[in-house]
Amino acid sequence: MKHFYPHPIIAREGWPIIGIAFLLSVLLSFCCGWLALPFWLFTVFALQFFRDPSRPIPQDPQAVLSPVDGRVVVVERATDPYRHTEALKISIFMNVFNVHSQKAPADCTVEAVEYNKGKFLNADLDKASVENERNAVLATTASGRKITFVQVAGLVARRILCYTTPGSRLSRGERYGFIRFGSRVDVYLPVDAQAKVVIGDKVTGVSTVLAHLPLTAPEAATPQTEAAAETASRPNTEVAQAEIEAAAEKVRHAVAQEFKD
């Protein structure tokens with residue numbers, strides 16, 4: 001689906017770095033010749049790292065999209081550490097060659113933004129989700145489902161940028177943040193969500209569907225319905241006893257009739 005993407009193809013977060021690298025490369029080329037080659041290589045690397053291309057956005061209302069490019073490293077049932085509820089956790093690891101612009105995975109309203117200071121472990125490790133510097137966005141989808149998506153700093157990532165605030169409305173695929181250099185994003189969904197990716201899959205930001213999340217939550221069983229279900233599943237002992245007694249009476253009657261004859 002074609003859409004207007006209101007951001008430059010090279011992310012603004014990288015403009016100062018690219019500008020300085022380019023100027024140094026030019027100056028060193030005039031005075032040092034081939035010795036400027038490493039600076040030109042870094043300039044090219046910075047250009048590819050800070051690219052932020054427009055992508056087609058699936059419009060299925062049940063689709064939860066990948067917030068970033070990368071590789072799926074976790075698909076499991078886990079506890080959402082921000083909502084303290086059971087959830088489907090999907091984690092995506094980004095290396096330095098992936099696009100690091102973060103996009104909203106669904107149409108949603110931001111409830112809260114929680115920043116936590118932490119370590120800078122390798123973002124590929126499971127413990128990075130709870131020990132590294134991270135920034136969580138707690139949101140409610142347009143249909144009322146609760147989701148959480150978390151920016152996690154990595155081994156060399158030292159700068160998490162988040163541009164959304166509580167009360168903001170995000171459209172699926174809308175840009176809301178950026179992490180400089182290798183990092184990770186964790187997505188926590190209700191347990192009835194159905195994962196559409198497996199560990200090892202490579203995903204493309206906003207184009208890849210991570211999971212299908214039903215628009216409405218499954219109905220919670222009430223004590224009355226649980227009692228009714230238990231009663232329905234329990235054998236009717238009174239009926240069973242009456243049938244046994246009736247069968248026994250028939251046998252006794254048949255035996256008595258046989259002796260009479």
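Contact is taken here to mean heavy atoms within 4.5 Å, and helices (H or I, at least four residues) and strands (E, at least two) are DSSP runs that are numbered from the N terminus. The structure is a predicted model, in which local features need pLDDT of at least 70 and side-chain atom pairs count only at pLDDT 80 or more, whereas totals for chains, interfaces and linings use all residues. Residues are numbered from 1 along each chain as its sequence is written, and side-chain values use heavy atoms, with hydrogens and water left out.

Helix α2 (residues 37-49) comprises 13 residues and reaches 18 Å from its first C-alpha to its last, close to the 18 Å expected at 1.5 Å a residue, the expected span being 1.5 Å times one less than the number of residues. The buried residues of α2 are Thr43, Ala46 and Phe49, where buried denotes under 20% relative accessible area, exposed over 50%, and partly exposed the range in between (1.4 Å probe, protein chains only).

Three strands form an open, antiparallel sheet in the order β1-β14-β12, two strands being paired if DSSP finds at least two bridges between them. Because β1 (63-65) and β12 (194-195) stand at the edges with a single partner strand each, one side of each is left without a neighbour in the sheet. Strand β12 is joined by two bridges to β14 (residues 209-212), with which it runs antiparallel, and glutamine 194 stands opposite histidine 212 in β14.

Serine 183 lies in strand β11 (residues 183-189) and, at 0% relative accessibility, counts as buried. An unreviewed UniProt entry carries the annotation "modified residue: Pyruvic acid (Ser)" for Ser183; UniProt positions are given in the numbering used here, feature names are shortened, and annotations may be inferred rather than shown by experiment.

A search of the whole structure finds zero disulfides, a disulfide being a pair of cysteine sulfur atoms within 2.5 Å. The cysteine sulfur closest to that of cysteine 32 belongs to cysteine 31 and is 3.4 Å away, too far for a bond. Cysteine 32 counts as partly exposed at 33% relative accessibility, whereas cysteine 108 is buried, with a relative accessible area of 5%.
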